[in-house]
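Welcome, and please take a moment to look over the sequence and the 3D view below. The report that follows walks through a few parts of the fold, one at a time.

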Amino acid sequence: MYRFIPSGVCCKEITYDIVDGRVYNIHFEGGCNGNGKGIAILAEGHTPEELISMLKDVQCKDRGTSCPAQLARSLQEARDISAEKTQAVLDTAVYQTYVRILREELVPAMGCTEPIAIAYCAAKARQVLGCLPDRIDMEVSGNIIKNVKSVVVPHTGGRRGMKAAVAAGVVAGDPDCELEVISNVSDEQIKEMETYLQTAQINICPADSDLVLDICITAFHGQSRVTVRIVNHHTGIVLIEKDGQVLFEAPIQDDGQQSPDFDLLTVEGIFNFVNTLKVDDVRPILDRQIAYNSAIAEEGLRGDYGASVGKNLLKMNGSDVRTRARAMAAAGSDARMNGCELPVVINSGSGNQGMTVSLPVLEYAKELNCDQDMTYRALTLSNLVALHLKSGIGRLSAYCGAISAGVAAGAAICYLKGGDLEAISHTIVNALAISSGVICDGAKASCAAKISLAVDTGIFGYELYQNGRQFYSGDGIVSKGVENTIQNVNILGKEGMRQTDKTIIKIMASGD
């Protein structure tokens with residue numbers, strides 16, 4: 001039982017219990033008996049965050065506070081004390097690693113990241129060559145082909161595909177901007193791209209490589225040539241060579257060998273980190289994610305992009321919070337997959353995943369009247385859970401990454417509603433048990449519909465647990481414990497679906 005001695009009010013003592021993240025058995029000793037009982041009844045079963053948000057500014061006459069406001073103050077102090085206790089057991093190095101992961105992963109990108117990676121590679125090749133190439137030879141892995149084939153490249157006049165990405169990078173790209181390489185393109189440069197596509201020789205062939213993310217561009221001008229190669233990460237240059245001289249070379253590491261150390265991510269570690277987080281450590285990162293991703297979602301709802309999945313969800317299902325959560329994430333993808341020139345903040349190397357982990361959480365935070373502190377903690381949890389789920393699979397796979405992001409959003413919504421570690425863990429397992437078979441067949445308009453499905457499944461995973469239901473070890477790929485189930489999904493996505501990936505690419509190539 002928590003006891004609190006209020007100040008500036010008639011009440012002499014406030015007592016209550018916090019069980020599974022919710023407040024019960026509130027009692028005001030002294031003060032107005034009827035008001036105290038009424039507040040206790042209305043507040044029963046709410047989370048501390050909900051009550052703090054609702055009651056902190058209530059005033060009684062000219063006291064500058066009130067009994068409800070003192071309850072909110074008590075709950076805030078109880079939460080702070082709990083955070084301090086948890087902080088004592090959270091290793092400082094782990095804390096800093098989590099912050100660094102967020103800082104390095106949650107970066108802006110203009111357009112779908114695979115064509116943008118091609119544009120970046122081409123822009124770097126031109127920069128090193130020192131002039132406009134008259135010929136480009138490009139070798140790319142199957143997953144790059146899959147994810148570039150059907151998506152509109154921003155700032156190209158609506159063009160799709162690999163040649164458009166190459167031309168954009170060569171003509172207008174600034175490699176110093178990395179994943180925003182073609183964020184500043186003039187109308188004149190778009191016309192120059194058209195001329196370049198008509199006059200330059202651009203040769204593209206599949207890479208003789210087992211790597212899922214592999215781009216190698218050789219740019220020629222006269223007798224001079226430059227080769228730039230990117231592996232495993234969208235800006236991960238491993239080779240720059242000019243006229244036979246190696247200017248830069250880095251070892252090619254396995255996609256799972258990541259720095260900072262993703263192996264430190266666990267669901268329990270993420271939960272503890274979120275509860276002890278100094279929000280200012282991640283505020284600039286999340287401010288940008290909120291601003292960028294909300295802007296493109298709003299544009300998706302305003303404009304006519306692709307299948308307009310987001311707009312149609314609202315049209316067909318109304319505007320309840322569950323539908324809004326699905327619609328905002330889908331609308332962002334509608335816009336992004338179909339040429340919108342607004343940037344997003346990515347997650348796991350993907351803009352679609354970046355929108356899926358953030359926009360549904362923001363909709364629920366608004367609905368629940370969560371304060372900024374709680375909202376940022378939930379966003380942090382969503383981002384880190386998604387990165388944890390995806391890190392064992394790799395950035396590109398036949399496994400749809402939006403599923404991981406939707407599961408993470410469901411876990412964060414559970415957190416917003418007062419869910420503890422057990423509730424969050426069961427939410428993740430339930431959702432993974434339902435939707436882990438969804439394939440990735442490239443970046444295109446239907447990604448928005450898959451995102452809607454992923455978000456809905458994440459929320460349903462929480463609702464199942466909330467109603468006393470769950471999937472158990474032995475139910476398909478589910479094992480005892482959330483980390484064991486995540487490991488099973490990693491094996492499924494990285495190893496089990498390797499041949500599936502090849503088949504998908506073969507089917508897509510046969511449709512040309």
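Helix H14 covers residues 372–391, and its 20 residues reach 28 Å from the first C-alpha to the last, close to the 28 Å expected at 1.5 Å a residue. That expected span is 1.5 Å times one less than the number of residues. Helices (H or I, at least four residues) and strands (E, at least two) are DSSP runs, numbered from the N terminus. Of the 20 residues of H14, 18 are buried, so the helix is largely enclosed by the rest of the structure. Here buried means under 20% relative accessible area, with exposed over 50% and partly exposed in between (1.4 Å probe, protein chains only).

This is a predicted model, in which local features need pLDDT of at least 70 and side-chain atom pairs count only at pLDDT 80 or more, while totals for chains, interfaces and linings use all residues. Residues are numbered from 1 along each chain as its sequence is written, and side-chain values use heavy atoms, with hydrogens and water left out.

Now to the sheet. Six strands make up an open sheet with mixed pairing, in the order S6-S5-S7-S8-S9-S10. Strand S6 (201–206) and strand S10 (245–249) stand at the edges with a single partner strand each, so one side of each has no neighbour in the sheet. On average, neighbouring strands of this sheet are turned by 10 degrees against each other, direction ignored. Two strands pair if DSSP finds at least two bridges between them.

| Strands | Sense | Bridges |
|---|---|---|
| S5 (135–140) and S7 (214–221) | antiparallel | six bridges |
| S8 (224–231) and S9 (237–242) | antiparallel | five bridges |
| S9 and S10 | antiparallel | four bridges |

Val140 is partnered by Ile215 in S7, Val226 by Lys242 in S9, and Ile240 by Phe248 in S10.

Most residues other than glycine have a negative phi. In the hairpin of S8 and S9, with five residues between the strands, Asn232 takes a positive phi near 70 degrees. S9 and S10 form a hairpin with two residues between them, and Asp243 in its turn has a positive phi of about 50 degrees.

Two serines in loops also have a positive phi. Ser308 has a phi of about 50 degrees and is found in the loop between helix H10 (283–302) and helix H11 (309–317). Ser308 is buried, with a relative accessible area of 7%. Ser348 has a positive phi near 55 degrees and lies in the loop between strand S11 (343–345) and H13. Ser348 is buried too, at 6% relative accessible area.

Finally, how many cavities of 30 Å³ or more does a search of the whole structure find? The search finds two. A cavity is a set of points on a 1 Å grid over the protein atoms alone where a 1.4 Å probe fits but cannot get out, and lining residues have an atom within 4 Å of a point. The largest cavity has a volume of about 320 Å³, a volume being the space filled by probe spheres set on the points. Of its 27 lining residues, Asn147, Ser350, Asn352, Gln353 and Cys440 are the closest to its centre. Helix H13 (351–367) is one of the helices that each supply at least two residues of this lining, and H13 gives the most, with three residues.

Notes. Axes fitted to C-alpha atoms, helices over the stretch in contact; angles between N-to-C directions. 1 Å grid on protein atoms, 1.4 Å probe; cavity = no way out; pocket = protein on both sides within 12 Å on 5 of 7 lines; lining within 4 Å.
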